[in-house]
Number of protein chains: 2
Amino acid sequence: MTLADGDGSEASDGSDASLDPETARDRVAAAVEVGDMVTVFGRCTVEYEGRAASTLGPGDRLVVLKPDGTALVHTDEGQKPVNWQPPGSTHAVDVSDGQFRVRSRRTAPDEQLLVAFERVDRVATFDVTDRRDRSLTGTEADLRRRILDDPDLVEPGFEPLATERETPAGAVDVYGEDARGRTVVVELKRKRVGPDAAGQLARYVEALDRDLHADAEVRGVLVAPSVTERARRLLAEKGLEFVSVAPPA
Amino acid sequence: MTLADGDGSEASDGSDASLDPETARDRVAAAVEVGDMVTVFGRCTVEYEGRAASTLGPGDRLVVLKPDGTALVHTDEGQKPVNWQPPGSTHAVDVSDGQFRVRSRRTAPDEQLLVAFERVDRVATFDVTDRRDRSLTGTEADLRRRILDDPDLVEPGFEPLATERETPAGAVDVYGEDARGRTVVVELKRKRVGPDAAGQLARYVEALDRDLHADAEVRGVLVAPSVTERARRLLAEKGLEFVSVAPPA
DNA sequence: CGATGGATATCGCAC
DNA sequence: GTGCGATGTCCATCG
C-alpha cells in the first residue's frame, strides 16, 4: 500500500493548508498513471456534457478517480454523485488559469466531465486491490429458487417446466403447468410491485396465447411479496393472478 | 475549512504508516459528531442486512461517511458503491477485537451496514458546504418544453391542452387534441425506448378510453428519439403511434 | 409515510 | 455494440 499525502507539512491532527495547483496536478497525474485510486477534496466547479449537459457552481466537493476510469463528484448530501463519469473513461489533469483541473472523457457515447478547483485541500492516492467476492441474498434469484424448491407456493399442483423460457415478448421467469395441464406463466418480483410488472406479465401471456395452439389457455401469475392497488386492478382487468410470496430470509 | 490528517508523522509525499484502531475511532467519532464528511481508506470486511443481506470478504476499500447520514463503500471498480447506507442513517464507531469498526443504521426499513477494518491506512475529514445550484439540460422536461413550444413536431394541428393530466392509470405527459378534435395522449421519453414505454402509453390510452365518452376516440403517441424493434411491434399491435423527436441540444 | 415514474440511471447477461 | 430486465436501484413529486 502506497499513500501519497496531501500536505506533509501539516500538523498532526489538523491543518488549514491547501495544495498549490501544480503540486495537485503532479500528484494526481502520477497516481492515475500508476493505476492508483485518487481522492481530491476542495472547492470546485463542475461541467458535464454528453448524454445530457450540466453545470455546477463553486462548492466544496469530494472527487474520486478510480483506476477503471470511473470518476465521481460527491457533495455533502445524497447517495448518488452529483456528477460522474462511467468506467472506461480516461482521466487527464492540467493547470489552467492557475486552477488544477481534472478532465474525464469517454467515447460511444461521447461524454466529458470537467472539474476545475479554485482550491485544493487534499489529494490522497491508494494502491487498491479487492477480492470481489460479495455474496448477496434476498434477490429475485433467491425467490426463484424458493419457488422451484416448493412449487406449491404458487398453487397446489403447479409444475415448473422451464426458467427463462423465451417468448416473442421476452424471457418468462418460470414457465410451467397447473394441475389441469394448463400453461402457467409466472413473473417473479422480489418486492412490492406496481403497474409495470402487471404490464410485463400481460405481454408474456399475450405472446404465448398467440404462439401456442389457439385452444390453449395460458394463465399468468405474478409472484411477489405484495402489490399496489393500481397494479391489483390492472391484473384483475387482464385476468391475471397474484400470489404473495417473498424471497427467503 | 478544517482538515484532520490521517497520520501527521508521515513523509511529505508518501508513507506506509497506518493508524491504530483507537486513533481511527476517535478521529472519525469527532468528525461525525461535528457534522464533517469523512473518508477512510483501508483493508476491511463489510456486512449488510436489511432489504437484502450481503457479506464482503477482506479487501482494500474507500469508505465515505456524509453528514446527512449517507455511507458509501467503494472498491477499485465500478460507479456504484459495493455497499452503502442511505441518507438519514446514523453512523457509530467502536473498536472490537482490535479492529476499528463503523456501523451505520436506519429504521423503516431496518437496515444496518457494518465495516470492520483489519487495517486503517488513512482517515480524512472535511467541513463541507455546497451551493446545490446544478443546472441540467437534455432531460424529459426539456423535450416537453420543446413539444409545447412547437406542437407541430408531434403532428400538424396538434394542440396541447394539459400536462401531467391525471388518469386512473397515472399522469399523462401531454394531453391534447388533433386537428379533427380527437383526444391525443402523448408519452415523452428523452432517449430510445423499449417495450415498457409502449405498455405505459397503452395503459394511459385504455384508461382514457374508459373514462371518456364511449364514442370518443383516443389516440396514443409515443414521442422519443427512436424505438426498439420489439417496442415498435408492440405499438403497432395496440394501434399506437410513434414520432421521432429528441430533446433540444 | 406509500405510490408513481424519471434517470447522464447502473449493471449484468444474451445476442 | 444493442436489447432487455433487475436493482438493497436512487430521487423528486404528489397525495
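# DNA surfaces, sheet and helices

User: Which element gives the most to the surface near DNA strand D?

Analyst: E5(B) does, with 3 residues. Helices (H or I, at least four residues) and strands (E, at least two) are DSSP runs, numbered from the N terminus. A residue is near a molecule or strand if its C-beta atom, placed from the backbone, lies within 6 Å of it.

User: What kind of model is this, and how are things numbered?

Analyst: This is a predicted model, in which local features need pLDDT of at least 70 and side-chain atom pairs count only at pLDDT 80 or more, while totals for chains, interfaces and linings use all residues. Residues are numbered from 1 along each chain as its sequence is written, with chains lettered from A and ligands numbered from 1 in the order in which they are written.

User: Back to strand D. Which residues come nearest?

Analyst: A:Glu140, A:Gly170, B:Ala52, B:Thr228 and B:Arg230, out of 29 residues around DNA strand D. In chain B, strand E5 (83-85), strand E8 (111-126), helix H3 (195-211) and helix H4 (229-237) each supply at least two residues of that surface.

User: How does it split by class?

Analyst: The surface near DNA strand D has 10 nonpolar, 10 polar and 9 charged residues. Ala, Val, Leu, Ile, Met, Phe, Trp, Tyr, Cys and Pro count as nonpolar, Asp, Glu, Lys and Arg as charged, and the others, Gly among them, as polar.

User: And which residues come nearest to DNA strand C?

Analyst: A:Ala52, A:Thr228, A:Arg230, B:Glu140 and B:Gly170, of 27 residues around DNA strand C. H4(A) has the largest share of this surface, 3 residues. By class there are 9 nonpolar, 9 polar and 9 charged residues near DNA strand C.

User: New topic. What is the strand order in the open sheet of chain B?

Analyst: The order is E10-E11-E12-E13-E14, 5 strands with mixed pairing; two strands pair if DSSP finds at least two bridges between them. Strand E10 (159-167) and strand E14 (241-244) of chain B are at the edges with a single partner strand each, so one side of each has no neighbour in the sheet.

User: How do E10(B) and E11(B) pair?

Analyst: E10(B) pairs with strand E11 (residues 170-177) of chain B in the antiparallel sense over 7 bridges. B:Thr163 stands opposite B:Val174 in E11(B).

User: What about H3(B) and H4(B): at what angle do they cross?

Analyst: Their axes come within 8 Å and cross at roughly 20 degrees. Axes are lines fitted to C-alpha atoms, for helices over the stretch in contact, and angles run from 0 to 180 degrees between N-to-C directions. H3(B) and H4(B) are therefore roughly parallel; angles under 35 degrees count as roughly parallel, over 145 as roughly antiparallel, 65 to 115 as roughly perpendicular and the rest as oblique.

User: Which residues make the H3(B) to H4(B) contact?

Analyst: B:Pro195, B:Ala197 and B:Ala198 of H3(B), with B:Arg230, B:Ala231, B:Leu234 and B:Leu235 of H4(B). Two residues are in contact if their C-beta atoms, placed from the backbone, lie within 7 Å. By class the contact of H3(B) with H4(B) has 6 nonpolar, no polar and 1 charged.

User: And at what angle do H3(A) and H3(B) pack?

Analyst: At about 105 degrees, with their axes 10 Å apart. H3(A) is therefore roughly perpendicular to H3(B). A:Pro195, A:Asp196, A:Gly199 and A:Arg203 of H3(A) make the contact with B:Pro195, B:Asp196, B:Gly199 and B:Arg203 of H3(B). The contact of H3(A) with H3(B) has 2 nonpolar, 2 polar and 4 charged residues.
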